[in-house]
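User: I'd like to learn how to read features such as helix faces, cores and backbone angles from a model. Could you walk me through this one?

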Amino acid sequence: HQIGVACFSMEQHPQAREAFRKATELAPDMAMAWYNWGRACESMGCWREAITLFRRAFELCPSKLNALAGWIQCKRNICDWTDLALLETLLKERLSQGDEKEAHKVPLLLHSLISDDMAQHLRLAMSEAQESSEVPVLGYEHPPSHPLHQVPRRLKVAYLSYDCRDHPMAHLMVNVLELHRRHNVEVYCYSVGPDDQSPYRR
């Protein structure tokens, strides 16, 4: 199993997949090995195989919410809606029970897709931020802050996108851009996509 972990950390996903497969042969009840095998398959785009593996990991260890989250995410990736609503409801129920140790293992983006509970979103985001703040950053010194009199009056915000054109993403972003308070925010848009001469581009 540790060989698989090492290979996965070096992004050697085929070797990691094989190592985790062998680990499950040696320890069939080791949920972590099944889960990591699923992660290796997910990284290679082998969604259906990953679904089977995440499901097995969750069956072995029902408290392992990251396995349930991986199972759901892979089903979404291949548009497999079979029992998806049931799985998402189960994940929401488990998250609402407040197990912070497991909750922060669920991707925040996935949680935002399956739940409209803003209080829970905030709780998970704060838990994630707290954990991230506890990770030491070695060899880095934060640059000195600017004196207040040197801080620009307006915050400069830049958006970089391939879709600054007549595209669904541009349609969705129009309101976001318009809602910026221009006396507080200076907005820039940079396009790396084609110029279709549409009003959205302008």
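Analyst: Gladly! Let's begin with a term we will need: a residue counts as buried under 20% relative accessible area, as exposed over 50%, and as partly exposed in between. Please keep in mind that this is a predicted model.

User: Thanks. How many helices and strands are there in the protein, and what pattern do they follow along the sequence?

Analyst: The protein has 10 helices and two strands. Read along the sequence, the pattern is α-α-α-α-α-α-α-α-α-β-α-β. Of its 202 residues, 30% are buried. The accessible surface is about 13600 Å², and carbon and sulfur atoms account for 57% of that.

User: What is the phi of Glu11, and where does Glu11 lie?

Analyst: As background, most residues other than glycine have a negative phi. Glu11 has a phi near 60°, a positive value in a residue other than glycine. Glu11 sits in the loop between α1 and α2 and is exposed, with a relative accessible area of 63%. Cys79 is another case, with a positive phi near 55°; Cys79 lies in the loop between α5 and α6.

User: How do I read a contact list, say for Arg17? Which residues is Arg17 in contact with, leaving aside its neighbours within four places in sequence?

Analyst: Arg17 is in helix α2 and is partly exposed, at 24% relative accessible area. Beyond those sequence neighbours, Arg17 is in contact with Trp37, Ala40, Cys41, Met44, Cys46 and Glu49. Take Ala40: Arg17 and Ala40 are 23 residues apart in sequence, yet their C-alpha atoms are 5.4 Å apart in space. For the protein as a whole, 54% of the contacts between residues at least 6 apart in sequence join residues at least 24 apart.

User: Which residues have the most contacts inside the largest nonpolar core?

Analyst: That core has 30 residues, and those with the most contacts inside it are Leu68, Trp71, Ile72, Leu91, Val106 and Leu110. Helices α1, α2, α3, α4 (47-60), α5 (65-77), α6 (84-96) and α8 (108-114) each supply at least two of its residues. The largest share, seven residues, comes from α5. Val106 is in contact with Leu65, Ala69, Leu91 and Leu95, leaving aside its neighbours within four places in sequence.

User: And on the surface, which residues form a nonpolar patch?

Analyst: Leu160, Tyr162, Tyr188, Tyr190 and Val192 form one, with about 550 Å² of accessible area together. Tyr162 is in the loop between β1 (155-161) and α10 (168-178). At 47% relative accessibility, Tyr162 counts as partly exposed.

How values were computed:
Residues are numbered from 1 along each chain as its sequence is written. This is a predicted model: local features need pLDDT of at least 70, side-chain atom pairs count only at pLDDT 80 or more; totals for chains, interfaces and linings use all residues. Side-chain values use heavy atoms; hydrogens and water are left out. Helices (H or I, at least four residues) and strands (E, at least two) are DSSP runs, numbered from the N terminus. Buried means under 20% relative accessible area, exposed over 50%, partly exposed in between (1.4 Å probe, protein chains only). Contact means heavy atoms within 4.5 Å. A nonpolar core is a set of buried Ala, Val, Leu, Ile, Met, Phe, Trp, Tyr and Cys residues joined through side-chain atoms within 4.5 Å. Patches are made of residues with over 30% relative accessible area and no salt bridge: like charges are joined within 9 Å, nonpolar side chains (Val, Leu, Ile, Met, Phe, Trp, Tyr) within 5 Å. Accessible areas come from the Shrake-Rupley method with a 1.4 Å probe; for residues, only the protein chains shown count as cover. A salt bridge is a side-chain nitrogen of Lys or Arg within 4 Å of a carboxyl oxygen of Asp or Glu.
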